[in-house]
Amino acid sequence: MSSGSSMYTRNNVSSTRRPLLCFHGRKPVLRISLTKDNPGRRFWGCVYYNVQQECSFFRWADPDSEYFAIELGKMKKVIETLKLRAVVAERHLTLSVVLEMIGWILVIFLWLHFSGSCSC
Ligand SMILES: [Zn+2]
């Protein structure tokens, strides 16, 4: 019974999914793109890359929509982080402006106080 179910599973997989092969007829290797346009994106490439004459086989491992969904998620996190930093920076700026105004008021007050008392 268990061998029958495993046969079914193997047949099911082989009928629905063809094995990915490069132009050498070998199973390709999963690599990670280091290009500026697609950094960190996974792709399948020839097993002989940098070993011997590789073929020009190339296929993205993640469908475009999946890859861009992941990238979009990363960008949304970056945007949220930047928004948070902008809010913190804005508060620091407001605080520094208020402190500067208090400082100037104090300077003017002290200047008026001492200049008025030293009218002798
Ligand atoms: Zn190949």
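Is Cys55 buried or exposed? Cys55 is buried, at a relative accessible area of 17%; buried means under 20%, exposed over 50% and partly exposed in between, using a 1.4 Å probe and protein chains only.

## Ground rules

This is a predicted model, where local features need pLDDT of at least 70, side-chain atom pairs count only at pLDDT 80 or more, and totals for chains, interfaces and linings use all residues. Residues are numbered from 1 along each chain as its sequence is written, and side-chain values use heavy atoms, leaving out hydrogens and water.

## The zinc site

Four residues hold the zinc ion at 2.2 to 2.4 Å: Cys22 (SG), His24 (ND1), Cys46 (SG) and Cys55 (SG). Donors here are N, O and S atoms within 2.8 Å of the metal (3.2 Å for Na, K and Ca); water is not among the atoms, so sites may look incomplete.

Along the sequence, the donor residues read C-x1-H-x21-C-x8-C. Cys22, in the loop between α1 (2-16) and β1 (29-32), and Cys55, in the loop between β2 (42-45) and β3 (58-60), link distant parts of the chain, 33 residues apart. Helices (H or I, at least four residues) and strands (E, at least two) are DSSP runs, numbered from the N terminus. Like Cys55, Cys22 is buried, with a relative accessible area of 5%.

## The strands

β2 pairs antiparallel with β1 over four bridges and antiparallel with β3 over three bridges; pairing takes at least two DSSP bridges between two strands. Phe43 in β2 is the bridge partner of Arg31, while Trp44 partners Arg59 in β3.
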